[in-house]
Structure formats: C-alpha cells, structure tokens
Amino acid sequence: MRDVIVIGAGGGGPVVAKELAAKGLDVLLLEAGPRHAKPRDEWTTFEDDANNPLTGYFRPGPSDRSKPAWFREWPQNSFVWQLSGVGGTTQHFYGNYPRAYPGVFQGYDGADRNEYDVNHRFPFTYAEMVPYFEWVEATMPVMTAAMGHKEQTFFRGAETLGLPVQTTKTTLGPSYRPQENAILQPGGTAGKTSDKNLLNYPQATGCTFCGYCFQGCMRPNGAPRNQFAKRSTDNSYVPMALTANVWARGGRPIELITDAYVTRVHAERRHGVLTATGVTWRDNNSGAEHREDARVVVMSGGCTENPRLWFNSGLPNPNGWVGRGYTDHFFDWLIGSFDDSTGNPKGVGSSARLDFPPYGGLENVGLPPALSAFAGTLSDSGIRGQYGNGRGKTGPWDGPAGRVMGPELKELMAGGIDKLMTVLVITDDDVEPDNRVTLSALPADENGPIPKVTFKHRQRTARTVRNREFMARKAAELLRGAGAKKVYRIDWAPLILHVQSSMRMGASEQNSVVNPRGETRAVKRLFVADNSALSNALGGPNPTLTSQALATRTAEKIFATYFGGDPWVRSESPVVSTDPRVSVRLGQLGL
Ligand SMILES: Cc1cc2nc3c(=O)[nH]c(=O)nc-3n(C[C@H](O)[C@H](O)[C@H](O)COP(=O)(O)OP(=O)(O)OC[C@H]3O[C@@H](n4cnc5c(N)ncnc54)[C@H](O)[C@@H]3O)c2cc1C
C-alpha cells in the first residue's frame, strides 16, 4: 500500500510528487509515455523527428516509436497538442510563467469585476494564491526572460499602443513587459557566441539561445539534468522528486515508472462513502497489467486524459461536469512581414508579452521553419482570396483572414522567416459546458475507449468572441506600430496548446468536479492536480504557473487532510530546483 499514487508526469503531477516526497511520503508516479533519461542521445534538433504527431519522439504515444501513437477523435478542424512522457507537454512548452489575472478569483472587486467569466471564478482569493505562486516561482526558478532582437521589435510596436510597462508580477491592468519565464538566464559564454565549442557547461550556463525550445531542452552541453535551461518538469520537479532524500530533511525519493498507462482508478464504499483505493496500470511494452493500492490517488493526466480515465473507470458523474468546460484560450495568429530581419526564429522562443485584462493577452512566438508553415496554415477561415466563411473580413490586418497561399505566400516568405514577426492572440475564454471530452464511438485502443474532444467553435460565448476580436485588432496594431509592411490574420482553428478546466475546481456543486481542496466531489481521497483542475481560463495568461501553484496548494491539502501534516508554504523557504545537491545525486544515480 502506497501513501500516494500520482497519475501522469507532465506539468502538474511532478509538483505533487515532489512536494509530498519532500515530506517523507511514499509516492509512486506513473507516466504513460517514455522517459528520456539521456536526451542528448535520444533527441535531435530536426523538427519532424521531434514534433511529428504520429512518429516524433514528442508524440502522445509509448516509448517504442514503431508502435502507433495514441489516437484521439477531434470531430472538427483542430489540433490537440499534448505530449506523453516525463515532462508531459512541458517538454514542448516555452516556459512563459505569468500569473493568472486577479479578476478570475473569488472576492475580486476591481472596477472591471463584472467583465470576467464571473460564473466560474476560483473558489478562493488571489491573495490566498500569492504564496503558492511565489513558491513555484522560487522553485523553478522563474526569471525575467532573456531577450533579443524580436522582443525589441515587439516592444517597438507595443509602445505605439499607449500602454504602460508592467513592473509587477501581478498584472494590475493593460500593460506590456518582458516575459517572466522558467528558462535560466544565460551565464558565462551563453548568449554571447554561437560557437558550439564555447557553449559547454560550466563555461556556459542557462539558455544558449539555440532556438530549439520545441525539440526539448538539452543544453548547455554537459550540464546536469537539473541545470538544463528550460524548466520543463523533466528538468525541474522530476529531478527534485527523484532526489528528495538529499535536499529535504526527512525526504524520500519517489518511485517513477514510465510506459505505465493507468487504465482504471479503483474506488469502493467505505463507511457509506465512495473512496479511491488504487489504480490498475498497463505496461506498454509487455501488455501486463498491475494493480497498486494507495491511501490517496491524484489524477494529473491532463485535460483530455483525466476525463477519459474517469469514464473508463466507471466513476460516478452526478452533475455531468466531468470533461466539460474545456477552455483553450481560443487562440489566433497574426503574421507581420518586415523589410528587415526581426530575429524571429532565434533565441528564447517568446520573451515579450502584452496583457489586456479582461480580454486576454499577446505574445511574440518565434518558431522554426516547419512549425512556422504549420502555424500559417491552420485556419478556420478558409484560404485567402479563394474561399472564406465571412469571419475576419475586415480589420487592421490586410484582409481577409485565412490561410495564405500562392503568390502571396511566395511574397510573404520571400525574405525567409527571419523577416516575419508572429504574434499569438491569447483569449480569455469562457468555460462552456459544450466544449468537452467524452468517450469516442471509434474503436478502443489497448488502454480502453479513446477520448473525443469537441469544440462548438462557432458557438463560443459573445464575451469570448469579443475578447478574441479585440486582441486580434491589438495584435495587428502592434505589428503595424512595429513597422510591418503587411499583416496577415490566420484565424486559427482550435489549436490546443493551453487547455484548462475539464475537471474544474469550483465553489458550486452544480458546475465543478473538484471541491476547493482539490478533491473530487464524487470520490473521496481522489484529487486532481493539473490544468484540468483550473477553474477557468485565467483571463488569458499561460496556464502552467497557476496550475503548479494550485497543485502545490493541493499537495498541502492532501498532507494536512490524510497524513496529519502541517501546511508548509507560508512557513518554509523553497529549495531551488537547480540546487547542486540535486545535480550530485542525479550523477550518482546515472541520470
Ligand atoms: C507548444 C507549446 C507551448 C507551450 N508554452 C507554454 C508556456 O510558455 N507557458 C505555459 O504556461 N504553458 C505552455 N504550454 C502549455 C503547457 O505545456 C501545459 O500547461 C502543461 O504541460 C499542462 O500540464 P498538465 O499536467 O495538465 O498536462 P501534460 O503536461 O499534458 O501532462 C499530462 C501527463 O500525463 C500523462 N498521462 C495521461 N494519461 C495518463 C494515464 N492514464 N496514465 C499515466 N499517465 C498518463 C501524459 O502522458 C502526460 O505526460 C505550451 C504547450 C505547448 C504544446
């Protein structure tokens, strides 16, 4: 019998695992996908090798790449971008770590208080969340982003919008700023040279500006895993969880099993209350099934897989909210073409942002070539000049919105991707019950019936649509202000990079799956700790910091409720994940 089983080693699961391991609990972390223990031997910088959704090393699928990827049904034009493996989708992520806007929490009384998703606020105050934000920010650590030429271009445009520069971690109003991100600042020779021979650790530390964030961070060369620049959880929380005995007094390292697909959460009635008792997991390689019991089970499989696992486990869904309210920031994508180089694909992927509560935000996103092509084609408005659906016809962009092709594409690409600047529109997206995960009627895979992700794309709330249009206009104005000679709006189809709230935490029993402690309302001793537990779309800020802060709070609740422990976040100081004791122990473990 384990103390705690955590399902999923992505953005959220390792946080709970690390925090409870530090308190001496016996934690088993089960991850469906692979563990890339030696990334420099396993990864490349080729985009297709990494990102191909069917065969890439970052696909959702088992370690053995000769086996098929795991299929999900999307009945609409869309792309669900979630990864399996230790680090989960954070292996791809850009490490941007803004805090959620205060307006999405209970008790907010700013002048714009009625402008947010008011029916789906977090069931506690922003002030209560701040120590958890600070804890994660110190642990990762979160730093002001290293910047370059493309950020200079972004800021030149932002200045023309008449907004102030934000200087606080909390977003107090419309403003722009460097990102706060979870990528270590360059040190030594890093950022000063592109000569690979001079970019070895410890001569170089932190981000080397290689530009390959998407293919997984494995630099600087020769660095211990916990010193890799990008703080995806495989480089931050997981190394800490595996070494908890050396940096935490009384700490106990977790057991991590990979290629371990949890197919069922078990629950039984105890004293009349349905209570989680353990899980069954399946070994991807042998097909063997294993049963493990635990005092507490934590679901951290992400927004798509948690509902699937719930349904496949036959757990009750009394208010029907499991899988509902799948928010996705209803992104859009604008491309500006410039006469001169913007440095678009170089360095840290995205180091500048603009926040506009309550509408959402903007950030520059530099992409390598194949992903630039992909991002420019995933349109829900048809093909510019050929056909369209009437959306985005006019605006401060060179209309209409849609996929660019033919002579125009040639013109756009004439200067190469170096002369583009691409801006991501991040929308504050209302929780909508009809955007959801259900089980597909397509054939089951080896792990059971597969998930179906449905978006009623053209039926978003009026507020969500208004927010997106507002931010798309701001993006176009920013690009023009920065000097773009032409601005294209793509009108993205749902591209699920940020996804939240499919097992949402809420104050009301009517529209939430987990209670304000993070425990599911229907099954005792079963907790949710990842993006799916987020109450809403946060106002637009990228979700991982808030998700990890909430997971830290949930870990405290688990410890206090079921293990008789005291909360620690307000009384202790966090250990930074780059701690040399972690590096030394990883070396002893051959990691
Ligand atoms: C290109 C890209 C860029 C991004 N950039 C940013 C950014 O800059 N800032 C930011 O905040 N966010 C960013 N994100 C989003 C970020 O990656 C997610 O917020 C984060 O990974 C969510 O964590 P999660 O734990 O909810 O899910 P995931 O990270 O997807 O982890 C879930 C894990 O659970 C495992 N799992 C699922 N089901 C089971 C099962 N049944 N048994 C065992 N294991 C299971 C999966 O294999 C996976 O490893 C980005 C995402 C993408 C794709």
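This briefing covers the ligand site, a surface patch and the salt bridges of the structure above. The model is predicted. The salt bridges come to 41.

**Ligand site**

- A side-chain N or O atom of Glu 31 is 2.7 Å from an oxygen atom of the ligand.
- Backbone N or O atoms also come up to ligand oxygen: one of Gly 12 at 2.9 Å, and one of Gly 85 at 3.2 Å.

**Surface patch**

- Met 405, Leu 409 and Met 413 make up a nonpolar patch on the surface, and together they have about 230 Å² of accessible area.
- Met 405 is in the loop between helix H9 (369–375) and helix H10 (407–413).
- Met 405 counts as partly exposed because its relative accessibility is 39%, between the limits of 20% and 50%.

- Side chains of opposite charge can pair when their charged atoms come close.
- Arg 252 pairs with Asp 26, with 3.9 Å between the closest N and O atoms. This bridge links distant parts of the chain, 226 residues apart: Arg 252 is in the loop between helix H7 (244–247) and strand E9 (255–257), and Asp 26 is in the loop between helix H1 (13–22) and strand E2 (27–30).
- Arg 252 is partly exposed at 38% relative accessibility, whereas Asp 26 is buried at 16%.
- Glu 305 pairs with Arg 72, the closest N and O atoms being 3.1 Å apart. The two residues are 233 residues apart, with Glu 305 in helix H8 and Arg 72 in the loop between helix H3 (47–51) and strand E3 (79–80). Both Glu 305 and Arg 72 are buried.
- Asp 429 pairs with Arg 460, and their closest N and O atoms are 3.2 Å apart. Asp 429 lies in the loop between strand E16 (420–427) and strand E17 (436–439), and Arg 460 in the loop between strand E18 (451–454) and helix H11 (462–482), so the bridge ties together parts 31 residues apart in sequence.
- Asp 429 is buried at a relative accessible area of 0%, and Arg 460 is buried at 7%.
- A network of salt bridges links Asp 332, Arg 391, Arg 468, Glu 469, Arg 489 and Asp 491.

Conventions
Residues are numbered from 1 along each chain as its sequence is written. This is a predicted model: local features need pLDDT of at least 70, side-chain atom pairs count only at pLDDT 80 or more; totals for chains, interfaces and linings use all residues. Side-chain values use heavy atoms; hydrogens and water are left out. A polar contact is a pair of N or O atoms within 3.5 Å; within protein, one must be able to donate a hydrogen and the other to accept it, and residues adjacent in sequence count only if both atoms are side-chain atoms. Patches are made of residues with over 30% relative accessible area and no salt bridge: like charges are joined within 9 Å, nonpolar side chains (Val, Leu, Ile, Met, Phe, Trp, Tyr) within 5 Å. Accessible areas come from the Shrake-Rupley method with a 1.4 Å probe; for residues, only the protein chains shown count as cover. A salt bridge is a side-chain nitrogen of Lys or Arg within 4 Å of a carboxyl oxygen of Asp or Glu. Helices (H or I, at least four residues) and strands (E, at least two) are DSSP runs, numbered from the N terminus. Buried means under 20% relative accessible area, exposed over 50%, partly exposed in between (1.4 Å probe, protein chains only).
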